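Biologist: Hi! Could you walk me through this one?
Modeller: Happy to, let me put it on the screen.

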Amino acid sequence: MANLKISNITKRFGSLTANDDISLRVDEGEVVALLGENGAGKTTLMNILFGHYVADEGNIEIDGERLVPGSTDAAIKAGLGMVHQHFTLAENMSVLENIMLGTESLWSLKSTVGRSRRKLENLSKEYSLQVNPDAGISELSVGERQRVEILKVLYRGAKILILDEPTAVLTPAETGQLLENLKMMVTSGMSIIFISHKLHEVLEISDRVSVLRHGAMVGEIATKDADKAILAEMMVGRKVTRPKAEKLEPGASIVELKNITVTGAGKAADLLNDISLEIRQNEIVAIAGVAGNGQRELAELLSGLRSWDKGEFRYKGEIVSRANASEFLRMGFGRIPEDRHHTGTVGEMSVWENLVSENLRQDPYWKFGKFIDFDANRKKAAELIKQFDIRCSSMETPARLLSGGNMQKLILARTLTADPNFVLANQPVRGLDEGAIAFVHEQLLAARTKGAGILLISEDLDEIFSIADRVCVIYHGRISQLLEVRKTNIQQIGAMMGGDMKAVA
Amino acid sequence: MQIEPRENISPWRVVFAPITAILVAFVLCAFLIAWTGEAILESYGHLFKGAFGSRFALSETLNRATPLIFTGLAAAVAFRAKFWNIGAEGQLYFGALAATILGTGAITLPPLLMVPFLFIAGAIAGGLALLGPVFLKTTLKVDEVVTTLLLNFVILLFVNYLLEGPLKDPMSLGWPQAAAIIDEGVLPELMQRTRLHIGFIVALGASLFVWAFLRYTIWGYEIRAVGANPNGARFSGISINRTVFIVAMLSGGLAGMAGIAETAGTKGYLTLDLSPGFGYSGIAVAMLANLNPLGVVISAIFLAGIYVGADSMSRAVNIPTYIADVLVALSVLSVLVSLLFVQFKVRWR
């Protein structure tokens, strides 16, 4: 088994210092959590460790031996194994094939399938990571896929496991299972670097927490001496409290769905099945659920991008006859999409152009209805950039160069400046750091106070329980009854997310 | 080797990268010239002189550049919206057909009206040629690369039929060619006793128009948004189908105007060899200009210069004119590679 010593790593990209004199030690059988906001330098450090980048200064030792910089091969040989946030599995191949992919020599004529199968079975027994070697990846759940990723790394003989945001895609139950598995591996001598910004998981699993901020190591603390508040403050550099929803009396109905059904293509199951939902003024209704249970379809429907096959859609009591994004925007819908890069912005276009993209053809941004009024648009953009604190070198910067948090601020600014009556917020804080999360929540709560009805789609129960008024669970395209957030708890909703709708009290 | 994106792109790099790339293309091509046994610098000297060395050479180059500017703009505007119109060749012939049908005596207007009338008719005809592909794309999601490309051959065969039949000029002594454009419709010459005609000025105007259209209008904004990220564009309420339609009409219209320039300008009547592949070369022109409408003018003149210069080079020294195609292909490839260096930096270690 192994220990890892990272000494004085510095990495610069042009004028930006991504890693500034970072040192980190991981002993055998130890779990070190690496905590930090987006852009704090966690990924850069791990990329240096894994040989994707070469550090400008500093060196890395494993078991006292210097690791060859810039060689992924050397890193793997030295016993490092990385489980990426986004899985790197071939969907059309089986578990065993995926594990053998890239590990077995191409120059051997003899098939090693039998030997590999035995090795995999032994590993999966040893660490109680159960998988069926012959199952196709496409049949597996997200949790199972992650197990395959971990097995793949173990198969290559990793002794130091790096997990990058491993729980981002898991249900609470799957997260629990993963943490159990990790604890078990540690007892057999494995070392783990656990990258996350979910504080409660870090507190549960790690022995030590190292915190990065702006590329520098700002502190190290034994987990037993830490709590959420301490960690959050270390991470952000100041006290951050996530805002709580104050009590408000809900007003008139804004959006009402009655028995909405969206049928799947061909014989596939309905994508949305008999959804009935009402969102009123001054309230936040949350939809909890594991990704892929119909959230995307529901979000597209409420964004005006998808039509429905059955049911009734009412906005302020009036029937909405068809989906039409620009019409929805004119009626007062605001939408925060799930995917900032893919749908929320046009990355090649400038910040100001993105800020006005939903106001096309609306006064006063357009001269004679057809020409862009550069002055009016730039003035408006400057206001929004200031008001929402969007950090960019200039408003002419292409939007793709913004960090995740700033990109989300851009979308928030565009959405909320129109004073929408209804806001669809689909995973509004996914991948954001504590400071940005607090900002997004403040803005959503402010819109709620102003009278908007908000539908929050989220996988993050902490988020739902801190700002939502009512909550329901979506599962296989159906939704549960709405529950008052005050009258339920995380365990109950978590069970419902796994499909146990009977957990409804 | 590591490739990292650049944080800020200096304008110098944007200008010098393509110039360096084209020099590289010339150096690579020099190997082929050396292979034929001719002197490299002397051959290139003939090429340059043949393209730009005299009043006549320059007029020939600009004349050749005129249809290339139109088809280059047609490709540039379409590719900006990721609408892959490979059918400029067919649209060019549709424009030429419009010139022939309307401009050989069916309608007679004073020259001041007749010339603009022909250009408008050609643009409309070019746009019409794209209606089918647009309809198939927006309703049935049929890939426009296939439909526009194949339509080229359909249109060419259709023109062939017309020239052998209904549109055949009885005075042509049996040649498959249409009647000449009437004098009122012939594009006035720009330089005396050369083939350079007013179409070149119209092409320059078209490039300014396309540039301003993309930059200053809502449609231009929508075209750029749809091209850069169709999902994002759709999300902000832009109708993809409407944008595709506008782009297609613009692109087809520009290609159709190339047909007018050739029939009513350079040649005077429609034949089946009216275009030596201007529609396809337009794609190279657009790529060379990195889809910039103003850059299209420069790259069209550059390409035209190579073609015209290669003709005179082949007359002076023993190098076949095919060298022009090689030079153009190498230039496009090396410019595309150079654009990579503009956006990314490569570190060797």
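What follows is a chat about the two chains, how they touch, and a few single residues.

Biologist: Before we start, is this an experimental structure or a predicted one?
Modeller: This is a predicted model.

Biologist: OK. What is chain A built from?
Modeller: Chain A has 17 helices and 23 strands. Its radius of gyration is 25 Å, close to the 23 Å that the globule rule gives for 505 residues, so chain A is as compact as a globular protein of that length.

Biologist: What size of box do the C-alpha atoms of chain A fill?
Modeller: Roughly 70 × 55 × 50 Å, taken along the principal axes.

Biologist: And how much of chain A is buried?
Modeller: Of its 505 residues, 42% are buried. As for contacts between residues at least 6 apart in sequence, 69% of those in chain A join residues at least 24 apart.

Biologist: Now chain B, please. How many helices and strands there?
Modeller: Chain B comes to 14 helices and 2 strands. A compact globule of 349 residues would have a radius of gyration near 20 Å, and the 21 Å of chain B agrees with that.

Biologist: What about the box and the buried share for this chain?
Modeller: The C-alpha atoms of chain B fill a box of roughly 70 × 60 × 35 Å along the principal axes. Buried residues account for 49% of the 349. Among its contacts between residues at least 6 apart in sequence, 78% link residues at least 24 apart.

Biologist: How many residues does each chain bring to the contact between them?
Modeller: Chain A gives 24 residues and chain B gives 18. On the side of chain A that touches chain B, the elements giving two or more residues are helix 10 (325–331), helix 11 (340–344) and strand 18 (371–372) of chain A. The residues on that side split into 11 nonpolar, 9 polar and 4 charged.

Biologist: Great, so how do helix 5 and helix 11 of chain B pack?
Modeller: Helix 5 (residues 111–128) and helix 11 (residues 240–267) of chain B pack at an angle of about 130°, with their axes 6 Å apart. Helix 5 and helix 11 of chain B are therefore oblique to each other. Their crossing is right-handed.

Biologist: Which residues meet there?
Modeller: Helix 5 of chain B brings several, including B:G122, B:A123 and B:G126, and helix 11 of chain B brings others, among them B:G252, B:G256 and B:I260. The contact of these two helices holds 9 nonpolar residues, 7 polar ones and no charged ones.

Biologist: And helix 3 with helix 12 of chain B, at what angle do they cross?
Modeller: Helix 3 (residues 55–80) and helix 12 (residues 278–288) of chain B cross at roughly 60°, and their axes come within 7 Å. Helix 3 of chain B passes helix 12 of chain B in a right-handed crossing. Among the residues that meet are B:P67, B:L68 and B:F79 from helix 3 of chain B, and B:F278, B:I283 and B:V285 from helix 12 of chain B. That contact divides into 10 nonpolar, 5 polar and no charged residues.

Biologist: Is A:D419 buried or exposed?
Modeller: A:D419 is exposed, because it has 12 other C-beta atoms within 10 Å, and 12 or fewer is the cut-off for exposed. A:D419 also has a positive phi of about 50° although it is not a glycine. Its place is the loop between helix 14 (404–416) and strand 19 (422–426) of chain A.

Biologist: Last one: where is A:F465, and what is it in contact with?
Modeller: A:F465 is in helix 16 (residues 461–467) of chain A. Leaving aside neighbours within four places in sequence, A:F465 is in contact with A:V485 and A:I490. A:F465 is partly exposed, with 19 other C-beta atoms within 10 Å.

Notes: Residues are numbered from 1 along each chain as its sequence is written. Chains are lettered from A and ligands numbered from 1 in the order in which they are written. This is a predicted model: local features need pLDDT of at least 70, side-chain atom pairs count only at pLDDT 80 or more; totals for chains, interfaces and linings use all residues. Axes are lines fitted to C-alpha atoms, for helices over the stretch in contact, and angles run from 0 to 180 degrees between N-to-C directions. Helices (H or I, at least four residues) and strands (E, at least two) are DSSP runs, numbered from the N terminus. Angles under 35 degrees count as roughly parallel, over 145 as roughly antiparallel, 65 to 115 as roughly perpendicular and the rest as oblique. A crossing is left-handed if the near helix is turned anticlockwise from the far one by less than a right angle, and right-handed if clockwise. Two residues are in contact if their C-beta atoms, placed from the backbone, lie within 7 Å. Ala, Val, Leu, Ile, Met, Phe, Trp, Tyr, Cys and Pro count as nonpolar, Asp, Glu, Lys and Arg as charged, and the others, Gly among them, as polar. The radius of gyration is taken over C-alpha atoms; the globule rule is 2.2 Å times the number of residues to the power 0.38. A residue is buried if 20 or more other C-beta atoms lie within 10 Å of its own, exposed if 12 or fewer, and partly exposed in between; C-beta atoms are placed from the backbone.
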